[in-house]
Amino acid sequence: MTAQGSDLTVGLIAPGKIGLPFAANLIADGYTVWGYRRSSLADFEAVGGRAAASAKEVAERADVIFTCVTSADALDEVIGGEQGILAAGRSDLLVVDIGAMALSRKEAARDVLRAHGITMLDAPVSGTPPMVAERKGTVFASGAQDSFERVRPALEALGRVIYTGDFGSGSKMKFVANTLTFVHITAAAEAIALAKAVGLDTKLVIDTIRPSAAASTMFNVRAPMMAEGHTRPVKGTVSGAVEVVEAIMATAAEAGAEMPLLSEVLGICEEACASGRGEEDIAVLVSVLESRAAGSVRNDRPGAVVC
């Protein structure tokens, strides 16, 4: 049990792929955890969570609420909806958003809560559900430092916790890290697709690249999957990548930053989703590139009609 576990009641709104292992870890640490989402909470209750009927009920029962929603519109509804957090009429709450969305939208949610006396922290988590289950995620926490210190032990149920400073700097840091991650994964997919196309032994390629300057963590993790055509076990879905990349692109546009490489990554991920492979591991991007190449070869044949 953590030092905070016995006297801090935690709320989780929309516990899903990340929120569910987070809840399990919190409960293992001795926290009482209330949760709410529109769909069934049977899996949440199975790990020891207590089901609430609305976000309002969570706000009535909890001291700290972690929001795990997947869009800014959903966060707005959770906060200001008829059965939202504000409907509980409390000003002694602390709200911590661990999701990823355009920073301007998260700042707007912070301002709405602040107008009602409620403090909000920006603390997006980076990592896959299995990583969170093993407490190996990374949290980029930002906002009022005294509020952060209050919830640091709970955040540690996700993994390594880094305090980045003023509100919003957590999202900015996650977006920088995730830009590199997704570009590295896509570069690995392109490299493995090339190795296959020119007839190299992919095992030899991977063994050669791993100890070299050309390697990356994402190459080391995903290249073996790509070489074998495996997309399970799922370490991180393509659809999840799209959600984060869209948030990065929106924030970059607001800041006037150019993101040509990430824009291409988004297009490839969207192709995977359009082909029905959005819930597979992002290693599937190598198949998208191979399909593109096969289409190019067919279209370049003599007499082929190029559309």
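Reply: A residue is called buried under 20% relative accessible area, exposed over 50% and partly exposed in between (1.4 Å probe, protein chains only). By that rule S147, with 13% relative accessibility, counts as buried. The model is predicted, so local features need pLDDT of at least 70 and side-chain atom pairs pLDDT 80 or more, while totals for chains, interfaces and linings use all residues. Residues are numbered from 1 along each chain as its sequence is written, and side-chain values use heavy atoms, without hydrogens and water.

S147 belongs to helix 7, which covers residues 145-155; helices (H or I, at least four residues) and strands (E, at least two) are DSSP runs, numbered from the N terminus. The buried residues of this helix are S147, F148, V151, A154 and L155. Viewed down the axis of helix 7, they fall within an arc of 100° (taken from the directions from the axis to the C-beta atoms), so they line one face of the helix.

Several elements cover these buried residues of helix 7, including helix 1 (19-28), strand 4 (64-67) and strand 5 (94-97). Strand 6 (119-122), strand 8 (137-142) and strand 9 (159-165) are also among the covering elements. For S147 itself, leaving aside residues up to four places away in sequence, the residues touched are L94, T119 and L121; contact here means heavy atoms within 4.5 Å.

F148, another buried residue of helix 7, is also part of a nonpolar core, a set of buried Ala, Val, Leu, Ile, Met, Phe, Trp, Tyr and Cys residues joined through side-chain atoms within 4.5 Å. The largest such core has 37 residues, of which F182, I192, M226, L262, C269, I282 and L285 touch the most other members. Two or more residues of that core come from each of helix 8 (169-197), helix 10 (217-228), helix 11 (238-255), helix 12 (260-274) and helix 13 (285-299). Helix 11 gives the largest share, eight residues. F148 lies in the second, separate core, which has 31 residues and also includes L8, I98 and L158.

E243, placed in helix 11, counts as partly exposed because its relative accessibility is 38%. L194, in helix 8, counts as exposed because its relative accessibility is 54%.
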